[in-house]
Amino acid sequence: MTRKHPRPSRRTLLGGAAVAALAAAGTGTAHAAGHRPAWPTEFPLPDGWLPEGITIGSAPYAYLGSRADGAIYRADLRTGRGGVLHEGAPGLAAIGLKLGDDGLLYVSGGGGGTARTIDARTGEPRETYELTAPTGHFINDVVLFPDRAWFTDSRDAVLYGVPRGRSGSVRALPLTGDWEQLPDVNNANGVVSTPDGRDAIVVKSTPGELHRVSLRTGHATRITLSGAENVVNGDGLVRVGRTLYVVQNRSNVVTVFDLDARATTATLRRSITDPRFDVPATAARFRDRLYLVNARFTSPQTPETTFTAVAVPL
């Protein structure tokens, strides 16, 4: 499914305007009481957007990718209002994405086997990297390190390192050790850095495992789970210090784990559920909130399907 010119739906614009109007209406009272208007905890995306990835930097703006055509939507977390930053095109997809301190969005291309960089301020495309053949692969998520952006491939036991800077080449890193690639299912999915900043933590959606992966050798060590049998349907990951948030999409839950110092054991602390969850795919943190995008994989994926992003407290 593609959209030639993805734009916010009437519902999106009216919803954002309503949020802004409510905030404006409450400004006098809020300021008189010495409080700022509350930021929305839910906001709409354009109808038919087919979202999956979300990223937030140091400023209160969320960037959300489209599986339909690779477009990028930017939303103001203070009001819930937003608009299309980067127009998509037929044959493209924006799955996982991360915003770097270099002002670039690093975007996973899904089944196209590509990675792209996009200017987060202007929406202009910068570079496209051909990571794999366009069939038999699925470039799913990305984590940023100072020298490279590392991308997961859900259909192959390989991480791909894209250089951050003007020089260098793409590096393919085969996964070894405890990693067992299963056929015809999603394997590697979400990815974050380890607390020591040296390696990566990768969630294996099927059968629901966490692995610490050496970015030097590709050796994967399965992380022992305590208090949970698995993290099946594991999708996006968020790490705050030694706390790991695992979004389990079709399970409609975010499980929260405490990592040990070496990220070899993850102990379940609690689970986050919310009636607004509708197959949340990925998440991003801003201040004391976790923002999640509802991918609605179990609902019809049509141009008229509605989508939202929701926020829950950390």
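Confidence first. I looked at residues 1-33 and found pLDDT under 50 over that stretch. The model still has 53 contacts beyond four places in sequence for residues 1-33. Where pLDDT is low, predicted coordinates should not be read in detail, so I leave those contacts alone. This is a predicted model, and its chain averages a pLDDT of 90, with 89% of the residues scoring at least 70.

Overall counts. I get 2 helices and 26 strands in the chain. Of its 314 residues, 53% count as buried. I also checked the surface: the chain exposes about 13,500 Å², and carbon and sulfur atoms supply 50% of that. For contacts between residues at least 6 apart in sequence, 47% join residues at least 24 apart.

Open sheet. I traced 4 strands in the order E2-E3-E4-E5, with antiparallel pairing. E2 (51-56) and E5 (82-86) are the edge strands, each pairing on one side only. From one strand to the next, the twist averages 30°. Inside this sheet I looked up E3 (residues 61-66) and E4 (residues 72-76), which pair in the antiparallel sense over 5 bridges. Ala 62 stands opposite Ala 75 in E4.

Strand E16. How many residues of E16 (residues 200-204) are buried? I count 5 of its 5. In a regular strand the side chains alternate between the two faces of the sheet. Here Ala 200, Val 202 and Lys 204 point one way, while Ile 201 and Val 203 point the other way. Even Lys 204 is on the buried list.

Neighbours of E16. E15 (residues 188-193) pairs with E16 in the antiparallel sense over 4 bridges, and Ser 193 has Ala 200 as its bridge partner. The hairpin of E15 and E16 has 6 residues between the strands, and Gly 197 there takes a positive phi near 75°. With E17 (residues 209-213), E16 runs antiparallel and is joined by 5 bridges; Ile 201 has Arg 212 as its bridge partner in E17. That hairpin, of E16 and E17, has 4 residues between the strands, and Gly 208 takes a positive phi near 105°.

Leu 175. I found Leu 175 in the loop between E13 (171-174) and E14 (176-177). Is Leu 175 buried or exposed? Its relative accessibility is 9%, so Leu 175 counts as buried. Beyond four places in sequence, Leu 175 touches Ala 157, Val 158, Leu 159, Val 213 and Gly 218. I also checked His 219: 44 residues from Leu 175 in sequence, but 5.9 Å apart in space, C-alpha to C-alpha.

Terms used: Residues numbered from 1 in each chain as written. Predicted model: local features only at pLDDT ≥ 70, side-chain atom pairs only at ≥ 80, totals over all residues. Heavy atoms only, no water. Buried < 20%, exposed > 50% of the residue type's maximum accessible area, 1.4 Å probe, protein only. Contact = heavy atoms within 4.5 Å. Areas by Shrake-Rupley, 256 points an atom, 1.4 Å probe, with all protein chains shown as cover. Pairing = 2+ DSSP bridges. Axes fitted to C-alpha atoms, helices over the stretch in contact; angles between N-to-C directions. pLDDT = per-residue confidence, 0-100.
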